Amino acid sequence: MIRRIGSLTIKEFLHLLHNWWLPALILVGGALELLLIGWATSRPITNLPLMVLDHDQSAASRALIGSLENMETFVLEGYVDRMDRLQQAFDRGEITAALVIPPGHGSQVARLRAGVANPGRVRPTVALWLDGAESMAASAALRDSESAVQQFGQQLVIHHMSLDERALMRFEPSLRVWFNEELSEALYTTPAELGLMLEFTVLIFAALAFARERELGTLEQLLVMPFSSLEIIVGKALPAAVVGFADFWLLLGIIHLAFGVPVRGSIPLLFVLALGYVLVELGKGLVISIVSRTQHQAFLLVMMVVMVDFMFTGFAAPVESMPRVLQWVAQFVPAHHWLAILRGVLLKGAGLDVLWPHVVALAALGLVIGSFSLYYVRKALE
Amino acid sequence: MNEENGNGGGPAAAERRDTVIETRGLARDFKDLRAIDGLDLTVRRGELFGLIGPDGAGKTTTLRLLAGLLKITDGSATVAGRDLTREPEAVKPHIGYMAQRFSLYAELTVMENLRFFSELYDVLPRERGERTDRLLSFAGLTPFKSRRAEHLSGGMKKKLALACTLIHQPPILLLDEPTTGVDPVSRREFWDILTELYTGGTTILVTTPYMDEADRCTQVGLIYQGQLIRCAAPEAIRAGIGEELIELQTDQWRKAQVVAEDLPGVSQVMTYGDSLHLLVDAAEERLPDIETRLEEEGIPYRSLRATRPRMEEAFISLVRDRERERLR
Amino acid sequence: MSLRHLKAVVLKEIRHVLRDRWTFILVLVTPISLLFIMAYALTVDIEDVPIAVMDHDQSAVSRNFIQQLSAGEELDVVARANSLEEVERLLVDGTIKVGVIIQPAFGEYLVGQRGLRLQVIIDGTEPESGTFGMEQVAQRTEAFVVRSLPTGSAEWLRPIELKTRALYNPGLEPRVDLVPGLISMVLGLPALSVALALSREREHGTLEQVLVTPISRADLLVGKMIPYIAIGMINVVAIPIMAMAAFGIPFRGSFGLFFLVSIVFLFAMLSMGTLIGVFMRTQPAALALSFLVIFFPGFFMTGIFYPIAAMPDELQMEAMLLPGTHYAIITRSIFLRAVGLEILWPNVLALAGLGVVFTAVAAFFFKKRLG
């Protein structure tokens, strides 16, 4: 049996070699694509266009504008003098945020300086308008401008009231970010991108295994040969597993070398778990392959599965904030557990002692998907 | 036919006008392989021209070049009076091309396939009904017209493909191994159809691996390594090989084969059912030698006689000559 | 151009889709059902961010503070840690996103206005929840500090108040703008179908028989696109209805404009699919290239999630070559900003231009030849 599986596997590998450009396209193209996309999305959200409506035109208002302008987050798009111009700019999608400084801001700030005894009554207020039609950018703009304005205000108080700087700082919690000390965007984005690319690579090879042969009429030929269905399945699956596994290390190399994603955990552990994950996805792909009558159907299903799974990689939204039903569904998505494992091993240096629930879940999914695909594929082949 | 505006006189002009396919020094490269290498082919109007040759000799490539499916690397080709290198699209309405592999839409029915091609060939709607009906009955497909093409038998698929290539009544037909993989009955039917078309005046260029089919052609071209090495009527080819044939019927043909191969003057021994065919330089001269030798070896035989070489023997002989020449 | 040829190709392609029930269902319903699932997954009120608290003070003030933290929906105190190691372990295994460490004498210091003895640790690996959790903790801490300090001194923390107002989407709910944006992604599926349809003809050899007919290249390519544009349009009509009814996404602009612009977008997208189909000889290769140039960049480079303004300049240029980028701008503008052609014309023009260029390049490279 081993020998026959071997010969079948060799046939599949020869087929792969003969059509070398397909794995080449996916491996090389995918690697280049990951580089490109990683490059595009690995920077903190910056350069958001900001417009200013300064009704006050005082030294104080200019200083405030300067404090926002000096941040990486914003690029000053220009000044306007009327509200409707702001509305226009938002309608045109030209700006992410607009700072509106009301008249009298300067004198309020002056009173703020003078009224140390009772500053609460003279708190100056400025407005920030945001473009809700691009919520990701708007949220970043909101976050950054809030802290900028707060800092700016504190500096004002400190400098002009000759206050002890430490006196203020003492009332802020000391903050530390673990696993991503520099808050590098690449550490958020590239593992999710890797996950998506890897899943696609494994699925396409697994999905074409049977659907293609059936469509081109060569499946019959395979079925009349003296192979058991188990042997056929293993023979088909092995090359896909090898390609997928190789792809993982290729992609990992890219995000490590090009985007500085660290590998803090154990590489042998990652080796074993990556192999396991590839096999689980492979099982999924084989099921798609066998339920599809044509490649057209199989490939539409692959795209659908890949795009749905993308929602569970944490790139778009954190899974724990999704509706209960989807959190439950996420438990059945291998990519969800895989991303937790990948982030855990790469960024947190986690080991089996903490990752075991995800590993168990992945193993269970693998077992279910694997036996289902074995059963189903065998039934379909007979 | 409407492809010429011929008004020239003289026998040379008449011959040129009668030529519907002509290639001069035709060549086609695939990467570093020269598949067609200076092919000179002439097919005249009304001929049933069979192109034969071993696998990989360039039959399919030749047909694809003539159908405008491949770019010509070198040389010239004219089909229906149009230069293929300059205006390949202008040739298309005048030819019907049938690919070797089944190339119709498997998920469409017989009728839908016919209709699809009738529209691509701009068959007028008022003619379409009558023409498809005629082709369906011509090809014997009328009872299956609403069956999906994928559910047809191999022979019916070929006939449907032929019907689709005939939908615009092309004066020239290019058929690439139309009977490969078809049972003998269907093969015969298919050839009956071709003969009928030929009788109706259609020029047919057909490739085939079957030598008995080559015998049914009016003209046979033997293609070898991308070149046309012989082109004549079938009888002329059979007669012109310079070798003769001896047929030997024996029960111990394995043993006889070994013996016969070593005899002087015998160039080739072929098994043919329970008989052996021996290609020899001169049959009458060699017969007594062979007889003596068989008796020496104690091989009983039922008959031993000189016979006319068939197309198959002619083909093998020609190819072997060519190979010998090349080695030298 | 020949209308008869075009019609023949269109009918043939429609028959291919209709003949197999599964193919038909898949081609028709994948876009809208995919968008439904994605929209559902984007139902994100970031709430219940899991945090752990380590209370080394154990005073009335610290207990009060913890109560303040767990009030409301946003934060969920899932663990009380006793040591820093425990906090670390919880962060590593992902049980919590934020660890709050109340240091000894927290209450004493606060009451005596001597400072805040509080440390916050956040998980820097998750894009959203860590940051959000940190903001929530900071806000509540500030509110707590303000209440604990005598009036007057607390305002020093925020001397200038920033009032924010989000237009079009007051709650800055991601779903409201992501769903219109993602329409461009799901409409990539008809483009994939067209790429597969073309490469399938090569794979099955059916192209050979068509190439010897007098059909023009443009008729053949455009004829293949039309049925999938039609299928895409069915989705274009159904998607806003689904988005409004199921998810309460506002549709403020002109539906007629949305419909027309979507035709242009589908044309551009399917031209891209056609271009892929012209170059790829097998269906798996067509799928692979479609993923690499349509779907993968679609998620990350068309500004749906990650703002285009934040990308390097070189890539902003490239993003403009993707039909999805323009369409995402258009859909958001029509759905949310209620603007019309007077503002969107450059994007519509860009889509039309991309479509024409892609089709022209496809027709140019699509020789009526084999090999």
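The following paragraphs lead through a predicted model, from the domains of chain A to a strand of chain C and then to a pocket.

In chain A, the domain assignment gives two parts: domain 1 covers 2-42 + 188-381, and domain 2 covers 48-169. The C-alpha centres of these two domains of chain A are 48 Å apart.

In chain C, attention turns to strand E4, which spans residues 118-123. This strand is mostly covered, with six of its six residues buried. In a regular strand, side chains alternate between the two faces of the sheet. In E4(C), Leu118(C), Val120(C) and Ile122(C) point one way, while Gln119(C), Ile121(C) and Asp123(C) point the other way, and all are buried.

Strand E4(C) has pairing partners in chain A and in chain C. Strand E5 of chain A, residues 174-178, pairs with E4(C) in the parallel sense over five bridges; here Leu175(A) stands opposite Val120(C). Strand E3 of chain C, residues 98-102, runs antiparallel to E4(C) and is joined to it by five bridges. In that pairing, Val98(C) stands opposite Ile122(C).

By class, the lining of the second largest pocket comprises 18 charged, nine nonpolar and seven polar residues.

How values were computed: Residues are numbered from 1 along each chain as its sequence is written. Chains are lettered from A and ligands numbered from 1 in the order in which they are written. This is a predicted model: local features need pLDDT of at least 70, side-chain atom pairs count only at pLDDT 80 or more; totals for chains, interfaces and linings use all residues. Side-chain values use heavy atoms; hydrogens and water are left out. Domain bounds come from an automatic or database domain assignment. Buried means under 20% relative accessible area, exposed over 50%, partly exposed in between (1.4 Å probe, protein chains only). Helices (H or I, at least four residues) and strands (E, at least two) are DSSP runs, numbered from the N terminus. Two strands pair if DSSP finds at least two bridges between them. Ala, Val, Leu, Ile, Met, Phe, Trp, Tyr, Cys and Pro count as nonpolar, Asp, Glu, Lys and Arg as charged, and the others, Gly among them, as polar.
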